[in-house]
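We will go stop by stop.

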Amino acid sequence: MRITVTVDGTSYTDDVEPRTLLVHYLRQQLGKVGTVVGCDTSNCGACTVHLDGHSVKSCSVLAVQADGSEVTTIEGLARDGELHPVQRAFHDNHALQCGYCTPGMIMQSIDLLADNPDPDEQTVREGLEGNLCRCTGYQNIVRAVQDAAQHMRPGAGPAAERVGEPTGTASGIGGGGE
């Protein structure tokens, strides 16, 4: 099947097998290897990306389901050499060890902050419960999400994903670029 999808601001038209998972399309056809395959069962969240501005586990979405949509991967977050505020917060708060879960954690955290720009610790933990980390114990991840929330005020969401663009203007999906 032929699909057209915008990934990290670039439009792609490709032929894909109907059963191709979005994670495999991103990694194998587009080279977006920051989106990792963790479990292939949608249990770990390592493959989390944004599909039309909302986080999804890309191992549970077919590439053909993304036809006509916008996808943001971890590679699409930084702008002009500047990390996205959530990426920066993960770095500054040492919210990673092996780093395998980090792309999915960051993508899910951005979606969480879009829904709740000032989450307490329990809300962060519940918002990330579908993303597993085997190394950190989560404390620094929770701290990073709350730190990012402070840096993303006065709001979060798709416009906040565009570093340097004023928050509060919803101009497309997060990180997609023009």
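Buried means under 20% relative accessible area, exposed means over 50%, and partly exposed lies in between (1.4 Å probe, protein chains only). This is a predicted model, in which local features need pLDDT of at least 70, side-chain atom pairs count only at pLDDT 80 or more, and totals for chains, interfaces and linings use all residues. Residues are numbered from 1 along each chain as its sequence is written, and side-chain values use heavy atoms, with hydrogens and water left out.

**Whole chain**

Start with a cartoon view. The chain has five helices and five strands. Both are DSSP runs numbered from the N terminus: helices are H or I with at least four residues, strands are E with at least two. Trace the order along the sequence: β-β-α-β-β-β-α-α-α-α.

Next, show the surface. The chain exposes about 8,300 Å², and carbon and sulfur atoms supply 47% of that area. Accessible areas come from the Shrake-Rupley method with a 1.4 Å probe; for residues, only the protein chains shown count as cover. Of the 178 residues, 47% count as buried.

**Salt bridges**

How many salt bridges does the structure hold? There are four. The term means a side-chain nitrogen of Lys or Arg within 4 Å of a carboxyl oxygen of Asp or Glu.

**Stop one: Lys32 and Asp8**

Select Lys32 and Asp8. They form a salt bridge, with the closest N and O atoms 3.0 Å apart. Lys32 sits in the loop between helix 1 (22-29) and strand 3 (48-51), and Asp8 in the loop between strand 1 (2-7) and strand 2 (10-15), so the pair ties together parts that are 24 residues apart in sequence. Are these two buried or exposed? Lys32 is buried, at 14% relative accessible area. Asp8 is buried too, at 13%.

**Stop two: Asp92 and Arg88**

Move to helix 2 (residues 85-92), where Asp92 and Arg88 lie four residues apart, about one turn of the helix. Their salt bridge has its closest N and O atoms 3.7 Å apart. Asp92 is partly exposed at 41% relative accessibility. Arg88 is partly exposed at 36%.

**Stop three: Arg125 and Glu121**

Finish in helix 4 (residues 121-127). Arg125 and Glu121 are four residues apart there, about one helical turn. Their side chains meet in a salt bridge, 3.1 Å from N to O. Arg125 is partly exposed at 29% relative accessibility, and Glu121 is partly exposed at 36%.
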